[in-house]
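Reader: I would like to learn how to read pockets and contacts in a structure. Could you take me through one?

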Amino acid sequence: MLKAFYYLNKDVLFLAEDLIGKTLCTNINNIFTCGIITETEAYAGVNDKASHAYNDRRTNRTEIMYSKGGVSYVYLCYGIHHLFNIVTNAKDIPHAILIRAIYPSIGIEEIEERRGRKLSKNLCVGPGKVSQALGINLLHNNLSLTGKEIWVQDDGVKINPSDIQVGPRIGVDYAEEDAKLPYRFWTTNYDFK
DNA sequence: TATAAGATTTACT
DNA sequence: GTAAATCTTATAT
């Protein structure tokens, strides 16, 4: 389990990259599942047109992003998919990191059950799939990541820096010039274990 | 109160 | 490659 100050790091890009290779765990309804994070995107606050909090748009939904770092931000996209974010930075600075992909490590049978299909390379690639695989829904919005239902831990998985790729974010074409920012991090190194 | 659009996934052609 | 599924949120009447 990572310490709370980890999430208070002020460099959301550093955290997004550093989270690659960490393990995201959930214990929901007494079902324990984990996956190694393989893809993230950073959303860098009020000056980031792709962020929900762009231009200091403080609403009921985005209020969670203004919390002190270390809590979850879960919201519904396209009416179907739950997207799971990690809120970072200090109170009133709405930075967050979207978890876009994991590699299942613990509870694979439960993950297959939730996903309704068998393990494959793409089973948990895509933010909606990640949430479904780990059982995350709107009930898990605004939860502490140092609590007992959702957390991130460091299992000592080493990722070679040359295996981490950087590029533009996905699905944010509306963000104009900010859509091109290299705020997405992912690894193609699936040789965990 | 009503409307439009969205940090997507899936199945089908 | 295209389209359908599906509902909350933000913004405008």
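Author: Happy to. The largest pocket holds about 480 Å³ of space. Among its 24 lining residues, Tyr 75, Cys 77, Leu 83, Leu 98 and Gly 171 are the closest to the centre. Before going on, please note that this is a predicted model, in which local features need pLDDT of at least 70 and side-chain atom pairs count only at pLDDT 80 or more, while totals for chains, interfaces and linings use all residues. Residues are numbered from 1 along each chain as its sequence is written, chains are lettered from A and ligands numbered from 1 in the order in which they are written, and side-chain values use heavy atoms, with hydrogens and water left out.

Reader: What counts as a pocket, and how is a volume defined?

Author: On a 1 Å grid over the protein atoms alone, a pocket is an open set of points with protein on both sides within 12 Å along at least five of seven lines, and lining residues have an atom within 4 Å of a point. A volume is the space filled by probe spheres set on the points, which are joined across faces, edges and corners. The second largest pocket comes to about 200 Å³.

Reader: Which helix gives the most to the lining of the second largest pocket?

Author: Helices are DSSP runs of H or I with at least four residues, and strands are runs of E with at least two, numbered from the N terminus. Here helix 2 (residues 12–18) gives the most, with three residues. Phe 14 and Asp 154 are among the lining residues.

Reader: Which residues come nearest to DNA strand B?

Author: "Near" means that a heavy atom of the residue lies within 4 Å of the strand. Of the 21 residues around DNA strand B, the nearest are His 81, Asn 85, Gly 126, Lys 129 and Tyr 174.

Reader: Where are polar side-chain atoms placed relative to a phosphate oxygen?

Author: A polar contact is a pair of N or O atoms within 3.5 Å. A polar side-chain atom of His 52 lies 3.0 Å from a phosphate oxygen of DNA strand B, and one of Arg 115 also lies 3.0 Å from a phosphate oxygen. For Lys 129 the distance is 3.4 Å.

Reader: How many disulfides are there?

Author: A disulfide needs two cysteine sulfur atoms within 2.5 Å, and this structure holds zero. The sulfur of Cys 124 is too far for a bond, because the closest cysteine sulfur, in Cys 34, is 12 Å away.

Conventions. A polar contact is a pair of N or O atoms within 3.5 Å; within protein, one must be able to donate a hydrogen and the other to accept it, and residues adjacent in sequence count only if both atoms are side-chain atoms. On a 1 Å grid over the protein atoms alone, a cavity is a set of points where a 1.4 Å probe fits but cannot get out, and a pocket is an open set with protein on both sides within 12 Å along at least five of seven lines; lining residues have an atom within 4 Å of a point.
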